[in-house]
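Hi there,

Here is the structure I promised to pass on. My notes follow below it; have a look at the model first, then read on.

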Amino acid sequence: MADFNKVLTPGDYENGELNVVIEIPTGSNHKIEWDRERACFMLDRVEPVAFAKPCNYGFIPQTIDEDGDELDVLMITDQPLTTGIWMKAKILGVMKFVDGGEVDDKIICVPEDDRNNGDCYETLEDLPKQTLKQIEFHFNHYKDLKKPGSTEVKGFFGLDDAKAVIAESIKRWNESDRASK
């Protein structure tokens with residue numbers, strides 16, 4: 001398997017497009033993470049089934065979020081995606097999120113070319129309100145059995161806010177020792 005941080009760029013985020021690597025499919029309770037030291041995926045833990053992911057979960061290569069990991073992506077699709085694929089994505093916005101006191105924002109995307117739904121999603125407002133409610137509920141409660149109250153969704157924000165978060169994460173990457181490896 002290739003090291004995604006070496007073979008992919010973040011994409012053309014200034015024009016609303018990203019390269020995204022999928023870690024966890026919609027509906028999975030497996031916490032699969034990219035192990036950047038070994039350049040492969042690992043099963044970090046198995047979550048309770050009640051806390052299965054409400055959407056696909058992945059990351060943007062060559063980024064570092066404030067929590068020290070690659071910047072997370074919530075990928076909205078009609079069907080679950082497979083762990084380990086990468087895809088071009090259209091940015092809709094960002095979910096501001098705090099996990100255990102650390103900023104852990106999530107960029108919200110859809111496939112860049114989604115002919116199944118006619119590319120109908122252009123902004124967060126185009127998504128069904130229920131989809132955002134389910135995502136918010138999941139992230140506010142998915143650690144309740146082990147660490148109640150340790151997560152908090154701060155809100156959903158649009159494209160410009162998402163681009164600012166991405167730009168900062170790319171800057172962190174470029175200033176890190178990871179960029180030179």
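Are both Tyr57 and Phe139 buried or exposed? Both are buried (under 20% relative accessible area with a 1.4 Å probe and protein chains only; exposed is over 50%, partly exposed in between).

Before the rest, a word on the basis. This is a predicted model, where local features need pLDDT of at least 70 and side-chain atom pairs count only at pLDDT 80 or more, while totals for chains, interfaces and linings use all residues. Residues are numbered from 1 along each chain as its sequence is written, and side-chain values use heavy atoms, with hydrogens and water left out.

**Aromatic rings**

The structure holds eight aromatic pairs (rings of Phe, Tyr and Trp, the last by its six-membered ring, with centres within 6.5 Å; planes under 30 degrees apart are stacked, over 60 edge-to-face, the rest tilted). Tyr57 and Phe139 make a stacked one, at 6.4 Å centre to centre and 20° between the planes. This pair joins distant parts of the chain, as Tyr57 belongs to strand β4 and Phe139 to helix α2 (residues 129-141), 82 residues apart. Helices (H or I, at least four residues) and strands (E, at least two) are DSSP runs, numbered from the N terminus. Elsewhere, ring pairs connect Phe4, Trp34, Phe41 and Phe59 into a cluster.

Lys53 sits over the face of Tyr57, 5.0 Å from the ring centre, and over the face of Tyr142, at 5.1 Å (NZ of Lys or CZ of Arg within 6 Å of the ring centre and within 35 degrees of the ring normal).

**Two loop residues**

Lys53 is also touched by Ser28, as is Ala52, not counting residues up to four places away in sequence (contact means heavy atoms within 4.5 Å). Ser28 is in the loop between β1 (17-24) and β2, and counts as buried because its relative accessibility is 15%.

Thr9 is in the loop between α1 (4-7) and β1. With a relative accessible area of 45%, Thr9 is partly exposed. Leaving aside neighbours within four places in sequence, Thr9 contacts Asn19, Pro61 and Gln62. Thr9 and Asn19 are ten residues apart in sequence and 6.9 Å apart in space, C-alpha to C-alpha.

Best wishes
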